[in-house]
Amino acid sequence: MTTKTSSLDPDDASGDGCRRAPIVAVQESLVSIDVSDTRVMKNEVGHVLLGEQRLKSEVLRVQNQVADLQVFEDTSGVKVGDEVELTGEMLSVTLAPGLLGKVYDGLQNPLASLAEEHGFLLPRGIVVDAVDAERRWDFTPAVTKGETLQAGQVLGTTPEGIFEHKIMVPFDERAAVEVTWVNRGNLTIHDPVARIVRPSGEERTLTMAQRWPVRRPLPESMLRRRIAERVYPTEPLTTTQRIIDTIIPIARGGTACIPGPFGSGKTVLQSLIARHSAVDIVIIIACGERAGEVVETITEYPETMDPRTGGSLMDRTIIICNTSSMPVAARESSIYTGITLGEYYRQMGYNVLCIADSTSRWAQAMRETSGRMEEIPGEEAFPAYLDSSIKSLYERAGLIRGPDGQMGSVTFIGTVSPAGGNFEEPVTQATLATVKTFLGLSADRAYKRFYPAIDPLISWSRYLDQMSEWYAKNLSPTWVEDVKAAHELLHRGDDIYQMMQVTGEEGITMGDFLAWQKSVFLDMVFLQQDAYDPVDASMPLGRQQRSFELVKEVVEADYAIDDRDGARDFFTRLISLYRNLNYSPDDSAEYARYLREIRALVDSKRVKVADAEEGRSDVGRVDNRHKGPMDRPRKST
Ligand SMILES: Nc1ncnc2c1ncn2[C@@H]1O[C@H](COP(=O)(O)OP(=O)(O)OP(=O)(O)O)[C@@H](O)[C@H]1O
Ligand SMILES: [Mg+2]
């Protein structure tokens, strides 16, 4: 790997020629330049020239002949009178085969190779190719000379691990182009693969690599030209976590946030989701978390077996990481770098999951920079545009039909770490106003070790109703209704529990006591899931469905139990058997045995239809359904 300025660097690529401007002020990571003699664009990349070093920076604001740039590196030694070289390129990433399996910082510098060459303390001003420039890829053309193509249409393909990496017409081509030449064979990402001619007659030579400005949604111009289309998400993203998939679902191509107080399990939950979700590619954006945690992620992932492919999880993962010890500006950009890479693979027709941990650190980086620029602050000193920044970030998720008809998705899940676990703070509030699934973690549940510590009483999903057609077709016609009944039981159980705190157990009816026990049962055996048990850690949707229907049968039954101790004893035994069922591999002998024991226990106390009709039962709830889920044919999903 060479340590040099990438040949994809704007300095080489832009025909604009570099312009220079003098520095008039330096304030930590912010430098101001006098641009009275120079053209300058917002979000343009500049390099602060410091001896041999070139410190990458980005124009944030231009006003009154002065441009403010955030510098992505330590600015010590930079002084008034030094120069900044403007590149004419927006802050961009390289899109090419070879991205999968990489660990990048927020500016797409590959961390593994940087560390190899320079040790752990990265010197300033070092630029390394984002993807290996020497590696060769077998390029197979998908088009022939003379064909007319639109932006985003496939020119050819090359295998990238287990995926077919599609090489597409650059996303910024504004009109149909004609292919005048196409290559084939074993090529590097800098070798020409095709030549196109624009309607104006202008020719452009294409390679397997293209650049894209990270702050601009990748399908933006294709959507505007109606050669790509945004599609409403209607299918769930299976994460294999029961409380999510069954109770508070996320749609494929949708958005979710996981706010939670310090130590409530945000990172563990995100890593479970990353590992087991039914997606092709995972982008992990670790922004501003503790350095030790990031190192853990980087060392753990390559060694983790991918439950979906049997290979290494890293083969379909890209990690973008910035620890809080890196400059603030690099943290802020990392989230955009990550989502742009996600959009790129979505454009090929893949299902991508982008997870950001935590977006609070990203927002704090934005706050620091905004403070330095002396912008008018909003709530808690966050910039006034906090809401719109959060909104436009989550809006980059979605399901997109591309110009070749291929469907791809980006699902975006962000954690939020509000100080003191107070969800009223601005970042949580702005995120809640944007996302469609809210998975709120509670300190109380984490303290009780009820993991995942998602609080079902405050969490919600707008996708449950939105995906009702899918559930009716693929799971059961009454699915949404049944899930809502489970929510109701949890709320009723909580109400009864609160009442008991005041009146004591004796102050509530036996019927209420049983309803509370049923809600505890639902919580203990279905909402909670053991991340450290090899079987329970991940439950496929088909098994979740069977399990949910069994839970439903248990909680809907009426029981002939008339004392509180008897009820407690009955449900304690049931919970213990059910947990063992959860730990048993599907279709194993012990699975069958626990299932039989659960059945027998339930039947021993269940009020028979005849008894109930004669009115001999005065306890429990409505609705006797004696035909259980295990008697029905299974549906595979
Ligand atoms: N699903 C789980 N099963 C078992 N233990 C868990 C689970 N989730 C979290 N824990 C325990 O809680 C600890 C803290 O979890 P985690 O680091 O994910 O919290 P966090 O919310 O990301 O914290 P921070 O706010 O510090 O980033 C873990 O080290 C683990 O011991
Ligand atoms: Mg964490």
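At what angle do helix α7 and helix α8 pack, and how far apart are their axes?

**Figure 1. Packing of helix α7 with helix α8 in the predicted model.** Helix α7 (residues 328-347) packs against helix α8 (residues 359-372) at about 130 degrees, their axes being 8 Å apart, which makes α7 oblique to α8. Helices (H or I, at least four residues) and strands (E, at least two) are DSSP runs numbered from the N terminus; axes are lines fitted to C-alpha atoms, for helices over the stretch in contact, and angles run from 0 to 180 degrees between N-to-C directions. Angles under 35 degrees count as roughly parallel, over 145 as roughly antiparallel, 65 to 115 as roughly perpendicular and the rest as oblique. The crossing of α7 and α8 is left-handed (the near helix is turned anticlockwise from the far one by less than a right angle; clockwise would be right-handed). On the α7 side, Val328, Ala329, Arg331, Glu332 and Ile335 meet Arg361, Trp362, Ala365, Met366, Glu368 and Thr369 of α8, where contact requires C-beta atoms, placed from the backbone, within 7 Å. This contact comprises 6 nonpolar, 1 polar and 4 charged residues (Ala, Val, Leu, Ile, Met, Phe, Trp, Tyr, Cys and Pro count as nonpolar, Asp, Glu, Lys and Arg as charged, and the others, Gly among them, as polar).

**Figure 2. Packing of helix α15 with helix α16.** The axes of helix α15 (residues 510-527) and helix α16 (residues 541-556) cross at roughly 165 degrees and come within 10 Å, which makes α15 roughly antiparallel to α16. Their crossing is right-handed, and Lys518, Phe521, Leu522, Val525 and Phe526 of α15 make the contact with Ser547, Phe548, Val551, Val554 and Val555 of α16. By class, 8 nonpolar, 1 polar and 1 charged residues take part in this contact of α15 with α16.

**Figure 3. Packing of helix α17 with helix α18.** Between helix α17 (residues 564-583) and helix α18 (residues 589-605) the packing angle is about 160 degrees and the axes are 9 Å apart; α17 and α18 are therefore roughly antiparallel to each other. The crossing of α17 and α18 is left-handed, and the contact between them has 10 nonpolar, 1 polar and 3 charged residues.

**Figure 4. Backbone at Ser358 and Glu28.** The peptide bond between Asp357 and Ser358 is cis, with omega about -5 degrees, and Ser358 lies in the loop between β22 (351-357) and α8. Glu28, in the loop between β1 (19-27) and β2 (30-34), has a positive phi of about 50 degrees although it is not a glycine.

**Numbering and confidence.** Residues are numbered from 1 along each chain as its sequence is written, while chains are lettered from A and ligands numbered from 1 in the order in which they are written. In this predicted model, local features need pLDDT of at least 70 and side-chain atom pairs count only at pLDDT 80 or more, whereas totals for chains, interfaces and linings use all residues.

Notes:
Two residues are in contact if their C-beta atoms, placed from the backbone, lie within 7 Å.
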